[in-house]
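Subject: Structure handover

Hi,

Here is the structure you were waiting for. Please open it alongside this email.

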Amino acid sequence: MTKLISYSDFKQIDIRVGTIISAETNEKLNKPAIVLKIDFGTDIGIKKSSAQLTKNYNSNQLINKQVAAVINFPQKQIGNFISEVLVLGFPDYNNEPVLISPNKKVENGGRLY
């Protein structure tokens with residue numbers, strides 16, 4: 001059974017939308033990943049993330065794509081890289097991530113509600 005949380009619990013998770021401005025494959029990790037630079041607008045700025053997306057995306061496909069990310073988790077060391085945000089997705093039929101993205105262009109930095 002799923003554990004129920006309150007709305008105030010949900011509000012503690014800061015999920016924002018940003019536009020990927022840079023994407024480079026990092027082959028130095030145990031599982032290849034793509035290093036992303038994401039523009040979350042003037043208030044939040046540009047943040048970095050590493051995501052294991054190579055099964056469903058190549059770096060060129062990701063440029064200018066808007067994605068959802070948790071921006072208030074602590075930074076995480078991933079190999080030789082510090083990830084500042086957690087990019088969100090759902091598993092496909094092979095349990096590989098498919099990014100969450102708005103179906104219309106929205107302003108960078110907008111908060112999920």
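Below are notes on the sheet, the salt bridges, the pockets and the aromatic rings.

First, the ground rules. This is a predicted model, where local features need pLDDT of at least 70 and side-chain atom pairs count only at pLDDT 80 or more, while totals for chains, interfaces and linings use all residues. Residues are numbered from 1 along each chain as its sequence is written, and side-chain values use heavy atoms, with hydrogens and water left out.

**The sheet**

Helices (H or I, at least four residues) and strands (E, at least two) are DSSP runs, numbered from the N terminus. Two strands count as paired if DSSP finds at least two bridges between them. Strands of a sheet pair through backbone hydrogen bonds, either parallel or antiparallel.

Five strands make up an open sheet here, in the order 3-2-1-4-7, with antiparallel pairing. The edges are strand 3 (46-51) and strand 7 (86-87); each has a single partner strand, so one side of each lacks a neighbour in the sheet.

Start with strand 1 (residues 15-26) and strand 2 (residues 33-39). Seven bridges hold this antiparallel pair. The two strands form a hairpin, with six residues between them. Ile20 has Ile38 of strand 2 as its bridge partner. Glu24 sits opposite Val35, also in strand 2.

On its other pairing, strand 2 runs antiparallel to strand 3 over six bridges. Lys37 is opposite Lys48 of strand 3. This is a hairpin too, again with six residues between the strands, and Gly41 in the turn has a positive phi of about 90°.

How much of strand 2 is buried? Five of its seven residues are, so the strand is mostly covered. (Buried means under 20% relative accessible area, exposed over 50%, and partly exposed in between, using a 1.4 Å probe and protein chains only.)

**Salt bridges**

The whole structure has two salt bridges, each defined as a side-chain nitrogen of Lys or Arg within 4 Å of a carboxyl oxygen of Asp or Glu. In one, the side chains of Arg16 and Asp14 meet at 2.6 Å, N to O. In the other, Asp14 pairs with Arg111, with 3.5 Å between the closest N and O atoms. Asp14 lies in the loop between helix 1 (7-11) and strand 1, and Arg111 in the segment after strand 9 (97-99), so this pair ties together parts that are 97 residues apart in sequence. Shared partners join Asp14, Arg16 and Arg111 into one network.

Is Asp14 buried or exposed? Asp14 counts as buried, at 11% relative accessibility. Arg111 is partly exposed, with a relative accessible area of 37%.

**Pockets**

Rolling a probe the size of a water molecule over the atoms shows where empty space is left. The search uses a 1 Å grid over the protein atoms alone; a pocket is an open set of points with protein on both sides within 12 Å along at least five of seven lines, whereas in a cavity a 1.4 Å probe fits but cannot get out. Lining residues have an atom within 4 Å of a point. Points are joined across faces, edges and corners, and a volume is the space filled by probe spheres set on them.

The largest pocket holds about 450 Å³. Its lining has 22 residues, with Ser50, Ala51, Lys76, Ile78 and Leu86 nearest the centre. Strand 3, strand 5 (76-78), strand 7 and strand 9 each give at least two lining residues. Strand 3 gives the largest share, three residues. By class, the lining has 13 nonpolar, six polar and three charged residues. (Ala, Val, Leu, Ile, Met, Phe, Trp, Tyr, Cys and Pro count as nonpolar; Asp, Glu, Lys and Arg as charged; the others, Gly among them, as polar.)

The second largest pocket holds about 240 Å³. It is lined by 14 residues, and Val17, Pro102, Val106, Gly110 and Leu112 lie nearest its centre. Strand 1 and strand 4 (66-70) are the elements that give two or more residues to this lining. Strand 1 supplies the largest share, three residues. The lining divides into nine nonpolar, two polar and three charged residues.

**Aromatic rings**

Rings of Phe, Tyr and Trp (its six-membered ring) pair if their centres lie within 6.5 Å; planes under 30 degrees apart are stacked, over 60 edge-to-face, and the rest tilted. The count is one aromatic pair. Tyr7 and Phe10 form it, tilted, at 6.0 Å centre to centre with 40° between the planes. They are three residues apart in helix 1, about one helical turn. Tyr7 is exposed at 56% relative accessibility, and Phe10 is partly exposed at 28%.

Best wishes
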